[in-house]
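This briefing covers the nonpolar cores, the aromatic pairs and the salt bridges of one structure. Please read it alongside the sequence and the model.

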Amino acid sequence: HKHGLQPYGCGCVLFRDPAVGSHYKHDSPYTYFTSAELHLGEISLECSRAGASAVALWATQRVMPLLPGGELASGLEDCHRAALELHGRLESDERFLTWVEPELDIVLWAPRAGTSHAISQESRRTFDEAARHDLHLALIEVPVTQVESSWTAQGVEFQGDSVTCLRSCLMKHQHRKWIDAIWDRLDRIARV
């Protein structure tokens, strides 16, 4: 919804078999009183909400069609390249840990430490310090099972079922031009 410039609620689930709708059926006679026939609002996830989100999606795709090499696709490619570049820098720097290459624009990473508990503490410190440097990251709780195989080989000892890591979203095409500035701030923060 972010890259497509859409309201969060613009989405749908489509079922080939209309009989699946009976699983979602609910009774709200105060809303649907015009007909005894089954009404879409009685079986949809959106119920009686307006269809403005769908119109917004339609209008955006008229202006920015989903075409290879088009404006939207080019923006997504820039975001992906920025994420790959940041991931590459983090991966090649001994101060950081990664475990998965970005598929689009989200980079998952953590400051290196000897234990998952210390990584969680350092991630929170980095999050706070980054905000003071006008670099906005997100914290994410990651199940140890997702990082264990790659981080055990890096000497990390695990305590508990999850570890707090950092999440960087490079979702603006301008982020590709800002990678050096982003990296400079991360470098400064890692030195503290």
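Which residues do ring pairs link into a cluster? The cluster consists of Phe-96, Trp-109 and Trp-183. The model is predicted, so local features need pLDDT of at least 70 and side-chain atom pairs count only at pLDDT 80 or more, while totals for chains, interfaces and linings use all residues. Residues are numbered from 1 along each chain as its sequence is written, and side-chain values use heavy atoms, with hydrogens and water left out.

**Aromatic pairs**

- Three aromatic pairs are present; rings of Phe, Tyr and Trp (its six-membered ring) pair if their centres lie within 6.5 Å, and planes under 30 degrees apart count as stacked, over 60 as edge-to-face and the rest as tilted.
- Phe-96 and Trp-183 pair edge-to-face, at 5.8 Å centre to centre and 65 degrees between the planes.
- Phe-96 belongs to strand β1 (residues 96-98) and Trp-183 to helix α6, so this pair ties together parts 87 residues apart in sequence; helices (H or I, at least four residues) and strands (E, at least two) are DSSP runs, numbered from the N terminus.
- Phe-96 is buried at 4% relative accessibility, and Trp-183 is buried at 14%; buried means under 20% relative accessible area, exposed over 50%, and partly exposed in between (1.4 Å probe, protein chains only).
- Trp-99 and Trp-151 form another edge-to-face pair, with 5.4 Å between centres and 85 degrees between planes.

**Nonpolar cores**

- A nonpolar core is a set of buried Ala, Val, Leu, Ile, Met, Phe, Trp, Tyr and Cys residues joined through side-chain atoms within 4.5 Å.
- The largest nonpolar core has 17 residues, and those touching the most other members include Leu-86, Trp-109 and Leu-170.
- Helix α3 (71-91), strand β2 (106-111) and helix α6 (175-191) each supply at least two residues of this core, and the largest share, five residues, comes from α6.
- Another core, of twelve residues, lies apart from it and includes Leu-108 and Val-156.

**Salt bridges**

- The count comes to eleven salt bridges, each defined as a side-chain nitrogen of Lys or Arg within 4 Å of a carboxyl oxygen of Asp or Glu.
- Arg-89 forms a salt bridge with Glu-85, with the closest N and O atoms 2.9 Å apart; both residues lie in helix α3, four residues apart.
- Asp-180 also forms a salt bridge with Arg-89, at 2.7 Å between the closest N and O atoms, and this pair links helix α6 with helix α3 across 91 residues.
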